[in-house]
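The following exercises concern the fold of a single chain. Please work through each task before reading its solution.

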Amino acid sequence: DGKEGINVNRVAAQEKRIVAFTDEAGSRGYVRKLTHSSDHEISLLCSLLIPGEHVETVRDLFKEPFDKFYSAMPTGAKCHITDAFEPGREAWRAVAEVVRAEVFTIMQDYGVFLTYSARRLKIPREMHDLLENLKAEAKKNSRSDFVVRNSNRPSASQIDDDVMINLALMADEFAEKFKRELVDFHFDEIDKAVADRYQAAIATTQNIENVKKEVKARNRKTGETATKTIEIAIPLQDLNTKALGKIVVAGKLDPLIFATDVVTNSLWRHLQGLPPTAPLNELSSVKDWECPEITFVAAGNSMFDKI
């Protein structure tokens with residue numbers, strides 16, 4: 001009876017959960033290093049959104065195309081769809097093209113939803129330049145002897161930080177729409193530093209309504225230190241995300257991770273081929289792609305395409 005009760009509780013917990021199998025494509029790196037020449041490039045994060053109780057079933061659906069691809073993989077290659085399209089791998093490429101079509105057929109036949117977050121590098125570059133100019137202007141006009149701690153350090157912001165934040169917001173909205181209480185993000189082989197950074201990005205979405213930040217400063221003349229707390233409160237409700245959970249590193253040898261890799265790279269190529277002023281994060285962005293009908297995306301006027 002005890003075991004039966006545990007199993008019932010486990011099933012109930014899975015029915016409240018979404019597992020977001022997630023992959024990245026496109027540009028990465030520090031925002032401060034961006035130049036005009038990369039303005040057209042795109043950074044993308046994409047998730048297949050699987051109800052917790054269906055994960056094993058959906059994994060089994062993708063096992064056959066995964067096994068075909070893995071069996072044809074040359075020695076020393078990585079289990080990554082783009083690796084099959086490198087020069088000299090024509091036999092593997094032929095298998096990859098068949099497998100890619102099979103993955104999208106399964107997606108459409110079984111209604112496997114996905115969501116994504118994409119950004120052209122022009123937006124973070126312009127935002128960074130604006131903030132640096134404002135900071136320089138503020139320093140020039142400052143009459144205080146206090147210097148804020150670390151204020152002279154170069155920005156550590158990375159291109160995909162905001163991309164992860166927007167993906168988290170989309171996943172939370174999906175969970176709310178389908179009455180789910182938790183979304184965990186499963187990645188392939190990202191290192192701990194990236195996983196921690198993505199977890200921190202998720203955390204920012206959980207405290208939108210009330211933000212507190214402690215600021216430390218030192219008087220350059222007297223050596224005196226001071227600490228102040230800055231608090232920003234937004235008088236609106238239901239801005240904080242409620243369903244977002246943890247980042248999990250799942251590894252590459254998982255049929256669901258492989259399917260996510262296939263979908264993400266196809267979507268990245270499609271978005272990268274759009275006109276440079278076309279939106280990236282709304283329904284019109286994917287209307288000519290493989291499976292717009294199962295893509296959870298803003299209907300129009302996505303703010304992420306603007307700021």
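**Exercise 1.** Determine what share of the contacts with a separation of 6 or more comes from residues 24 or more positions apart.

*Solution.* Contact is defined as heavy atoms within 4.5 Å. On that basis, residues 24 or more positions apart supply 77% of the contacts with a separation of 6 or more in the chain. This is a predicted model, in which local features need pLDDT of at least 70, side-chain atom pairs count only at pLDDT 80 or more, and totals for chains, interfaces and linings use all residues. Residues are numbered from 1 along each chain as its sequence is written, and side-chain values use heavy atoms, with hydrogens and water left out.

**Exercise 2.** State the strand order of the open sheet and identify the strands at its edges.

*Solution.* Strands (E, at least two residues) and helices (H or I, at least four) are DSSP runs, numbered from the N terminus. Two strands pair if DSSP finds at least two bridges between them. The six strands of the open sheet follow the order 8-5-1-2-3-9, with mixed pairing. Strand 8 (244-249) and strand 9 (295-296) each have a single partner strand, so one side of each lacks a neighbour in the sheet. Strand 9 runs parallel to strand 3 (residues 113-120), joined by two bridges; L114 stands opposite T295 in strand 9.

**Exercise 3.** Which strands does helix 7 lie across?

*Solution.* Helix 7 (residues 255-272) lies across strand 1, strand 2, strand 3 and strand 5. Its angle to strand 2 is about 140 degrees, on a scale from 0 to 180 degrees between N-to-C directions, with axes fitted to C-alpha atoms.
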